[in-house]
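Reader: I am new to this structure and would like to be taken through it. Could we look at it together?

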Amino acid sequence: MTAPARKVAVLGATGSIGASALDVIARHPEALRASVLAAGGRVDALLALCERHRPEHAVIADERGFAALRDGLRERGLSTQAHCGDQALVELVGSDACDTVVAAIVGAAGLTSTLAAARAGKRLLLANKESLVLAGELLMDAAAQAGACIVPIDSEHNAIFQCLPDAHAHAGLKRILLTASGGPFRGRTRSDLTDVTPEQAVAHPKWSMGPKISVDSATLMNKGLEVIEAHHLFGVGGERIQVLVHPQSLVHSLVEFVDGSTLAQLGLPDMRTALAVGFGWPQRIDSGVAGLDLLAHGRLDFERPDLDAFPCLRLAFEALAAGGTAPAVLNAANEVAVSAFLQRRIGFLAIPALVEDTLAALPSQPASSLASLRDADQRARRHAEQAIVQRA
Ligand code: NDP
Ligand code: MG
């Protein structure tokens with residue numbers, strides 16, 4: 001007898017990870033079904049996905065989009081139920097509408113639904129790294145208590161997950177080597193970066209991704225967030241995590257063991273591999289991604305990251321070492337700064353400057369509860385916004 005199909009909730013369905021997840025799901029109609037699709041505000045994009053994937057539920061976060069979603073579903077003759085708002089999403093994620101959740105909302109906005117999936121013991125395909133940076137301990141504790149299986153979708157952490165299959169491997173783990181493409185500005189000096197534009201920053205050489213993570217890759221804040229993410233997922237301190245710039249983006253990360261062995265996972269830079277690992281684990285299923293032709297690629301290079309040109313990576317290591325509310329402050333200030341950069345309100349180098357200024361203004365406090373973390377997040381957002389206004 002074959003197992004019943006996994007019922008998958010895709011949160012952030014209209015985004016880049018959402019599209020990759022739906023592509024993998026559509027390759028396995030017997031085993032996987034998109035039962036809940038959720039987006040932020042783009043009703044038309046969500047309706048198009050509903051027409052294609054026929055979920056039972058569709059959720060638009062922005063309540064102003066509800067009527068258009070409901071009417072659009074009706075006009076298309078779809079039986080998909082329309083919902084709106086965070087609370088509706090939390091209830092669906094916790095219900096038997098799904099057993100698997102792809103958490104791919106961008107930013108801290110994804111925390112509530114990601115936590116709900118962990119608390120409900122779902123299989124959690126976790127792309128929304130900001131929720132781990134903001135509330136990693138709470139999220140990991142909630143998952144452990146409810147027996148939720150977290151499969152990291154961030155390619156580096158998915159690679160490490162594949163290299164650390166069980167507790168025995170964890171016990172012999174010496175350190176983690178996180179690879180970074182270096183982003184579109186690899187090799188530039190700090191002064192070369194003064195006038196770079198949002199268009200240049202989002203033009204990633206290897207990966208096709210949403211605008212926020214693309215800018216994070218250009219500043220290396222993405223790697224900084226990933227260091228904190230790795231700390232929570234795999235229980236290692238910042239001193240045991242090394243970042244290696246690897247411009248070919250074929251080695252997705254490595255783990256070193258106490259016996260001198262180093263294991264790596266390699267593959268083409270396509271997020272469908274990580275998502276297929278998440279859906280199929282511990283089995284392997286087709287992702288649509290071709291295998292790696294190492295002869296065609298020829299070489300694998302590794303370099304040290306330039307912390308002078310890209311101070312965001314240093315700031316993230318410092319926030320991890322400070323602990324408490326510092327990572328939440330780092331993340332919130334960065335979200336505000338990246339958004340302002342994309343709107344051309346600030347320059348590229350103002351991103352690290354604003355994050356550093358906000359971390360200095362709001363020294364780390366103990367992060368004992370979700371409320372204290374959310375409070376730190378809000379205070380950091382206000383501080384960064386005010387600093388942007390003052391700069392202008
Ligand atoms: P995109 O910008 O492409 O998509 C973001 C998604 O989130 C959209 O579906 C958007 O909906 C939705 N969304 C935005 N705000 C809200 C909100 N307030 N409530 C509910 N939904 C919201 O981002 P990516 O797919 O690139 O990234 C998603 C997450 O995955 C990020 O955390 C990123 O760091 C992580 N990630 C992404 C990778 C990639 O390759 N893209 C790789 C590794 C990690 P709408 O379209 O309606 O605005
Ligand atoms: Mg990554």
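This is a predicted model: local features need pLDDT of at least 70, side-chain atom pairs count only at pLDDT 80 or more; totals for chains, interfaces and linings use all residues.

Reader: Understood. Which domains does the assignment give for the protein chain?

Author: The assignment gives domain 1 (6-152), domain 2 (154-207 + 220-270 + 290-306) and domain 3 (323-392).

Reader: What separates the centres of domain 1 and domain 3?

Author: Taken over C-alpha atoms, the centres of domain 1 and domain 3 are separated by 27 Å. In the contact between them, 11 residues of domain 1 meet 10 residues of domain 3.

Reader: How much area do domain 1 and domain 3 bury between them?

Author: Together they bury about 790 Å², with 65% of it on carbon and sulfur atoms. On the domain 1 side, V133, L134 and L138 supply 53% of the area buried against domain 3, more than any other three residues.

Reader: And how many salt bridges and polar contacts are counted between domain 1 and domain 3?

Author: The count is 0 salt bridges between domain 1 and domain 3. For polar contact, the count is 2 residue pairs, both at pLDDT 80 or more.

Reader: Which elements give two or more residues to the side of domain 1 that touches domain 3?

Author: These are α5 (111-119) and α6 (129-146). Of the elements on that side, α6 gives the most, with 5 residues. By type, the residues of domain 1 that touch domain 3 divide into 7 nonpolar, 2 polar and 2 charged.

Reader: Let me change topic. How many salt bridges does a search of the whole structure find?

Author: The search finds 25 salt bridges. One of them joins R76 to E51, with the closest N and O atoms 3.3 Å apart. R76 lies in the loop between α3 (66-75) and β4 (81-84), while E51 belongs to helix α2 (residues 43-53), so that the pair links parts of the chain 25 residues apart.

Reader: Why can such side chains pair?

Author: Side chains of opposite charge can pair when their charged atoms come close.

Reader: Finally, what does UniProt list for residues 8-136 and 266-382?

Author: An unreviewed UniProt entry places "domain: 1-deoxy-D-xylulose 5-phosphate reductoisomerase N-terminal" at residues 8-136. Over residues 8-136, the chain is 45% helix and 22% strand, and the end C-alpha atoms are 23 Å apart. For residues 266-382, UniProt lists "domain: DXP reductoisomerase C-terminal", again as an unreviewed entry. There the chain is 57% helix and 1% strand, with the end C-alpha atoms 41 Å apart.

Key
Residues are numbered from 1 along each chain as its sequence is written. Chains are lettered from A and ligands numbered from 1 in the order in which they are written. Side-chain values use heavy atoms; hydrogens and water are left out. Domain bounds come from an automatic or database domain assignment. Contact means heavy atoms within 4.5 Å. Buried area is the accessible area (1.4 Å probe) that two parts lose on being put together, summed over both. A salt bridge is a side-chain nitrogen of Lys or Arg within 4 Å of a carboxyl oxygen of Asp or Glu. A polar contact is a pair of N or O atoms within 3.5 Å; within protein, one must be able to donate a hydrogen and the other to accept it, and residues adjacent in sequence count only if both atoms are side-chain atoms. Helices (H or I, at least four residues) and strands (E, at least two) are DSSP runs, numbered from the N terminus. Ala, Val, Leu, Ile, Met, Phe, Trp, Tyr, Cys and Pro count as nonpolar, Asp, Glu, Lys and Arg as charged, and the others, Gly among them, as polar. UniProt positions are given in the numbering used here, feature names are shortened, and annotations may be inferred rather than shown by experiment.
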